[in-house]
Amino acid sequence: MNGVMSTAEAADAVTTVEAVLPLLGLRIIAGPVELRGITDDLLGPLADLAVEGISSPGGPPFLAPWKTEPPQDLPRFFAQYYWRLRADFTPQRWTAPLAVLWHGEPAGIQELFADKYLVNRTTETGSWLTRRFQGRGIGTAIRQVIAAFAFDYLDAQQVVSTAFSDNAASVSVSRKVGFIENGADTWAREGKLVPHLRFLLSRGNLVRYEHPLAVTGLAAFRRSIGMES
């Protein structure tokens, strides 16, 4: 039929959620690390990890209220938060949360986010791991993987990250990956002012992960943020 889809064929065609939201089809694998779009089947297991605990007892809290939500309400709050990020995703301003799997087991979330990325080619990282996966080098590995993905697959010129000054683990990870301190400001957290540090990473300073990256769903994701596939 000269390559033209018939009416019957068109009626049978099904648009997948990954086609509508390419972020959900993005998958990055590097050795034991897997980062993948947060499909609805992953929301429950990841919410359970948030309930299990992110901040160490007595440690610095996160800006997002994971710690203050009642455990019975947190899964709903959690799902609504990540659905909202999907709804707000545009080429001009986007957040790309990816589930962290370590040897196939959900462990936390690694995010990239950007504002006017096509102009400034700058993206920011953020992440969390549930407590039982902390202190094992996984936070460093996923930061290395997401930074390499930004530079090698999204043509980033620089990657930035931030951390409260009392979050020693996050600050240590940034330094291990090759970020350099790039100023500070002060944020209100739980009714108190806390120093908030900024870090900057260039391609040449990246301390790369020991395993190479394998990426699927890249072309569709690049198109979704306004880049040529």
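1. Which are the buried residues of H4? In this predicted model, the buried residues of H4 are Leu74, Phe78, Ala79, Tyr82, Leu85 and Arg86. Because they cover an arc of only 135° around the axis, they are placed on the same side of H4. The helix itself runs over residues 74–87, and its 14 residues reach 20 Å from the first C-alpha to the last, close to the 20 Å expected at 1.5 Å a residue. The cover over its buried residues includes helix H3 (40–52), together with strand S3 (93–102), strand S4 (105–115) and strand S5 (122–129).

2. As a setting for the points that follow, the protein comes to 8 helices and 9 strands, and buried residues make up 44% of its 229 residues. Among contacts between residues at least 6 apart in sequence, 65% join residues at least 24 apart.

3. A pair of aromatic rings is described by the distance of the centres and the angle of the planes. The count of aromatic pairs comes to 9. One of the pairs is formed by phenylalanine 89 and tryptophan 94, which are stacked, with 6.2 Å centre to centre and 25° between the planes. Phenylalanine 89 also forms a pair with phenylalanine 221, and this one is edge-to-face, at 6.3 Å centre to centre with 70° between the planes. Since phenylalanine 89 lies in the loop between H4 and S3 while phenylalanine 221 belongs to helix H8 (residues 218–224), the pair ties together parts that are 132 residues apart in sequence. Both phenylalanine 89 and phenylalanine 221 are buried, and tryptophan 94 counts as buried too, because its relative accessibility is 2%.

4. Ring pairs also link Phe78, Tyr81, Tyr82 and Trp128 into a cluster; Phe78 and Tyr82 are among the buried residues of H4.

5. Leucine 112 is found in strand S4, and it counts as buried because its relative accessibility is 2%. Leaving aside residues up to four places away in sequence, leucine 112 touches Trp94, Thr95 and Ala96, then Thr123, Glu124 and Thr125, and also Ile146, Phe149, Ala150 and Leu154. Its C-alpha atom is separated by 9.3 Å from that of valine 159, although these residues are 47 apart along the chain.

6. Is glutamine 144 buried or exposed? At 8% relative accessibility, glutamine 144 counts as buried, and its place is in helix H6 (residues 138–153). Residues up to four places away in sequence not being counted, glutamine 144 touches Val177 as well as Leu206, Val207, Arg208 and Tyr209.

7. How many bridges join strand S7 to strand S8? There are 8 bridges between S7 (residues 180–189) and S8 (residues 192–202), and the two strands run antiparallel. Within this pairing, glutamate 181 stands opposite phenylalanine 199 in S8. S7 and S8 form a hairpin with 2 residues between them, and in the turn glutamate 190 has a positive phi of about 50°.

How values were computed
Residues are numbered from 1 along each chain as its sequence is written. This is a predicted model: local features need pLDDT of at least 70, side-chain atom pairs count only at pLDDT 80 or more; totals for chains, interfaces and linings use all residues. Side-chain values use heavy atoms; hydrogens and water are left out. Helices (H or I, at least four residues) and strands (E, at least two) are DSSP runs, numbered from the N terminus. The expected span of a helix is 1.5 Å times one less than its number of residues. Buried means under 20% relative accessible area, exposed over 50%, partly exposed in between (1.4 Å probe, protein chains only). The arc is that of the directions from the helix axis to the C-beta atoms. Contact means heavy atoms within 4.5 Å. Two strands pair if DSSP finds at least two bridges between them. Rings of Phe, Tyr and Trp (its six-membered ring) pair if their centres lie within 6.5 Å; planes under 30 degrees apart count as stacked, over 60 as edge-to-face and the rest as tilted.
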